[in-house]
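Please view the sequence and the structure first.

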Amino acid sequence: GAPPGANPRPAPPIPAAMLAPGSITAAQIAAGAITAANLAPGVIGTVAQSRVTGVCPIGQAMRGVNSDGTVVCGNGAATADDGAIGSIVGSYASAAIGNDGLPIISHRDDTADGLRVTHCGNPQCTDNNVTTLVDNPADSVGRYSSIAIGADGFAVIAHFNLSALALRVTHCSNVACTSANSLNVDDPIGITVGEYAALAIGADGLPIVSHRDATNGALRVTHCGTISCTSGNVSTTIDNPANGVGMTTSIAIGLDGRAVIGHQDATAGALRITHCANVACTAADSSTNADTPANAVGSHSSIAIGTDGFPVVSHRDATIGGLRLTHCGNATCTTGNTSVTLDNPPGDAGYSSSLAIGADGLPVVSHLDASTHTLRVAHCGGVTCGGRNSTAVVDDPAAAVAGGTDMVVAPDGLPLIAFQNATTNTLRVARCGTRTCQ
């Protein structure tokens, strides 16, 4: 035995096989006593899990946890406006980034038959969103909404007055658009105008809107005389060939300060580009069918000015059910144009395309696959999208996507997409986790 006062000999360890399951609890194990070095190779990821570490960047959602404890992040989506119980909101969504750096989205309240605006409370539109029914006259308004931030820092929205068959503009009275003024800005007698409205802020700081003269099958442009479009507005039919044109218009301001407009020649099934002859677009200096394959193309267009100064346009190839992209060879798209199929999944895609120039200087396009009700994003590998392009599904069938997707690049360089959740009839916002949404 041990001499008096000596420490007793420690008892030999009890073999693990002799311990009853659960006889040792976590509370009996000293903190940090067991580390990865005490575990057999390959144990982590099979019967053991490292502590979860890290967080996802703003705008991303956590999709899983790796065996080493790091998190898997990806694109995130949230409901930005669920309306009143039983109401239908979120159609014809159009997004912009306000002067406060937060998203602001115009969309239609189908139940109230009016125009709705949602101002997000954070960059992800997940909290403190404020929604206002900003235009709700006796007329039916809010279709084809298109939003931009005016020279005064307040949002201005073009939309269609179905009752009056007129182009309507709503000018917000504050950054959050909790109040606004609305009026019909082009309302000719006996002519239906205002469909497929697309709004931009011109080089003169005034709103300019492309839209369709449905009566004559023509392209029309309205240039506002003030930042709120309350006076001095001038509307001009700038393209009226024998063919029916002016469908699904989109507008951008070129480096020359003039508007360039993408629309469809529905008769020829072609993408058509019209370049304005002056800042107010009281005339056009060219209208060209920029993409005329055997397939039916040119609908659901969205136009932007690329980093090379030339227009780039996303549109739908209805023959194959895919997304097409046309890169113009000059500022007016009259020569040197190239077109590629950018995304052609097995379904029926290319609807409601929305193109933006990403923080990397390359085109990125959101669009709808109507057969799977998914929101897709295609990212170009180069300025002309000639190769190394990539595609991804950003929101899945659990939140079935309806028409009206609109993309804008947020200040942090991540794309944000507003659209309608057709399952819940709500306004939904997706924030990509990367610049390419992949």
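The structure holds seven disulfides, a disulfide being a pair of cysteine sulfur atoms within 2.5 Å. The model is predicted, so local features need pLDDT of at least 70 and side-chain atom pairs count only at pLDDT 80 or more, while totals for chains, interfaces and linings use all residues. Residues are numbered from 1 along each chain as its sequence is written, and side-chain values use heavy atoms, with hydrogens and water left out.

Three of these links are listed here, among them one between cysteine 172 and cysteine 177.

| Disulfide | S to S distance | Torsion about the S-S bond |
|---|---|---|
| Cysteine 172 and cysteine 177 | 2.0 Å | about -75° |
| Cysteine 224 and cysteine 229 | 2.0 Å | about 90° |
| Cysteine 380 and cysteine 385 | 1.8 Å | 85° |

The torsion of about -75° makes the link of cysteine 172 and cysteine 177 left-handed. The link of cysteine 224 and cysteine 229 is right-handed, and so is that of cysteine 380 and cysteine 385.

Cysteine 172 and cysteine 177 are both buried (under 20% relative accessible area, with a 1.4 Å probe and protein chains only). Cysteine 380 is buried because its relative accessibility is 0%.

The largest pocket holds about 1,200 Å³ of space. Its lining has 44 residues, and Ser94, Ser146, Ser302, Ser354 and Asp406 are the closest to its centre. A pocket is an open set of points on a 1 Å grid over the protein atoms alone, where a 1.4 Å probe fits, with protein on both sides within 12 Å along at least five of seven lines; lining residues have an atom within 4 Å of a point. The volume is the space filled by probe spheres set on the points.

Conventions:
Buried < 20%, exposed > 50% of the residue type's maximum accessible area, 1.4 Å probe, protein only.
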